Amino acid sequence: MLYREAGQFKASYQEDQQIFPIRQDRIGFAAILVFFFGVVPLVANQYWLQAILIPVLIFSLAAIGLNILTGYAGQLSLGSAAFMAVGAFGAYNFMLRIDGMPFLVGIVLGGLCAAAVGVAFGLPSLRIKGFYLAVATLAAQFFIVWALVKFPWFSNHASSGVITAQRVEILGYAFDSPVSKYLLTLAVVAVLALLAKNLVRSTTGRSWMAVRDMDVAAEVIGIRPMHAKLTAFAVSSFYCGVAGALYAYTYLGTVEPEGFSLDLSFKILFMIIIGGVGSIMGSFFGAAFIVLMPIFLNVVMHSVFGGAMPAGMGSNLELIIFGGLIIFFLIVEPHGLARLWQLGKEKLRLWPFPH
Amino acid sequence: MQLKKTALIGAAIAGLLASGYVAAQEQFIGLPSYRVGPFGSNGASLYGGWIDYMMMVNERDGGVNGVKLSWEECETEYNNARGVECYERLKNKGPTGNSTFQPLSTGITYSVLEKVAQDKIPMVTIGYGRTDAADGRVFPWVFPMISTYWTQASAIVNYIGQKEGGMAKLKGKKIGLLYHDSAYGKESHAIMDKLAEKHGFELTKVAVANPGNEQQAQWLQIRQLKPDYVVLWGWGVMNATALRTAAKTGYPREKVVGVWWSGSEEDTIPAGDAAKGYTAAGFNVAGTNYPVVQDIQKLVYAKNKGNMEDKSRVGSVLYNRGVVHGIITVEAIRKAQEKFGKGKPMTGEQMRWGFENLHIDNKRLAELGAAGFMPDLNITCADHEGAGKLKFQQWDGAKWTVVTDWIEGDRQLVRGMIEESAMAYAKEKGITPRDCTKEM
């Protein structure tokens, strides 16, 4: 009964088209925003902000990016980490080479670089599909990392190819404390996530989904598959690029091209599979799961069983349990965490009387 | 059965809690280790040696002036993002917080380089990391001790020159640099270019992609080039593959000289016969016949408290390197206590002073039971490197044999480059270098 919609009538188109048509959702969403913007910075310590929340937010953004491409437009991609690298190195170079470049503009330009590269590597999607396309994006993964290493100009001729992010400053305010970095990351992620949510409900989003479900049928009803696919690649890469720039600027501080390896691409792919393919909220769930679970296991292994078994075994057990959990989870709920959330909502709608 | 298990776990938790309450005077050391992944076996040996040394100090001396050493591991998987998480997690543990951070990964070193200065936690990167951090005036919180990559590259070239019968003979020779394509591998480029120019040898750089288990193309290239020597700049699984592929392509292993991260049993044993005759640099030697290692066997392993699962690796190169980490950390605690009060746990800031004033001469090394085990060390405010000496060891198919005395690099050349690079960093970041004449 928590989700009782009785009495909520939509009397105008505007009301019918809002993101959260149910009042409970609107209240819940506002409460979540207030909690993360207002309460978390007050109660969370440095460790939580810097080492847990910031990476979860950044990976959520990258997962949204991949979800747009794979979940909504149906184009498989294994190059998300490379697009993150383009965003990071792009933003770094814009801020390095243009004096007085504002931080947010630099980040957006980094994202646009990634979008351009994404479109270039998305071109094969016009001809090939599925696994074949995945292999084409795999080429992007290898090519981009190779190019960033090969041409020292990208890393400003640093002796080891590592870039150190510049100070983050907006309108004279320096974002150097964990709280301020967290709030900045959260603000960027929240805005882009809302944007993504709206985008997938718009004409563009609908054309993506039409192409995903059956591209021939989509073409027949007047959707341009080329346009749909390339916009999906552009938007997806833009999101990954911004995530990469944030990864460099608000999380690690220094990044090297090897940091954006195939491993990371797979991790982002796991995030959307675990979280829920074709769901913005699922991207957040998936990122939280993939980032937090290994840390949780590590802490548990050390604090509970630390003395009782060899350290090497603990580390290996962590991986085993993590892998096992993923498999178990996918068997029990193949549609991901977002589906669980949806089921929970359905149950709450009827609660406490299931029939 | 179920009851027994529950009781066991309960007892373990109770024991853990109890141990936490008893030891109030303890020095906490956070260990960002890795025991899984492509470099896992290396991490296991090194951190094993380090933990065993600290355990031995606790057993034998009851800690440092009565302050017990305590530590906690955090698995990084050699991954930068996980390393940052570990750094943050360990930062505030123990009565005085984490007293030193030693990640054994160049990538993680870079990622926390600015954080350690903010949090006032000294980062000790023995034999790796950002080379120009050896300039303590610009990097007060980073200690790339014993030998940086640049000194090492220079010492390797000196060794090759020595083998050829004089540095002048290097002119016109061809040297290949087979490197791990990462920040770690590329750290060597600047100095190798400079040395090639100075001594007139021809340098060819050949990159191997991470983690390095595919090198067919690279060795084909080497076979075409026919270099007089190949410097192997690898880590983990890359080294054994390099030696095996060298054997397959018929390149003599006697002409392959490894850096210290390519010179452990973890690299040669998997390569089997292909490793025979291969030489590698090292700033510590292998073997168990040093009093310090024997103390560990007597006081730790005899009581079944050892950290190594594979006890046969006690005394291996990387295990002994872990002992070096232990010796340096414990000596720094001792030094800091002399100034800031014996019998008290030291804060990160006090530890930094301890590291910066660390002088371990040969006499002290003999007292520690480590004469000839590692080079003597003299850290100052300006010079965070402090030794710069290497020994070369050759693999005879079963064990490492030391083939040279301590060889030094071209200190003058390297120091000049370090200062130049550090100043460029200071300028980029707006740091005013410290005035070392005013420090005591």
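## Ground rules

Buried here means under 20% relative accessible area, exposed over 50% and partly exposed in between, using a 1.4 Å probe and protein chains only. This is a predicted model, where local features need pLDDT of at least 70 and side-chain atom pairs count only at pLDDT 80 or more, while totals for chains, interfaces and linings use all residues. Residues are numbered from 1 along each chain as its sequence is written, chains are lettered from A and ligands numbered from 1 in the order in which they are written, and side-chain values use heavy atoms, leaving out hydrogens and water.

## Ring pairs in chain B

Rings of Phe, Tyr and Trp (its six-membered ring) pair up if their centres lie within 6.5 Å; planes under 30 degrees apart are stacked, over 60 edge-to-face, and the rest tilted. That gives 37 aromatic pairs over all chains. Take Tyr34(B) and Tyr47(B): their ring centres are 6.4 Å apart with the planes at 70 degrees, so they go down as edge-to-face. Both are buried.

Then there's Tyr159(B) with Phe392(B), a stacked pair at 4.0 Å centre to centre and 10 degrees between the planes. Phe392(B) has 0% relative accessibility, so it counts as buried. Tyr159(B) is buried too, at 6% relative accessible area.

## Charges over rings

A charge sits over a ring if NZ of Lys or CZ of Arg is within 6 Å of the ring centre and within 35 degrees of the ring normal. Lys255(B) has its charged end over the ring of Tyr229(B), 5.0 Å from the centre. Over the face of Trp261(B) you'll find Arg321(B), 4.8 Å from the ring centre.
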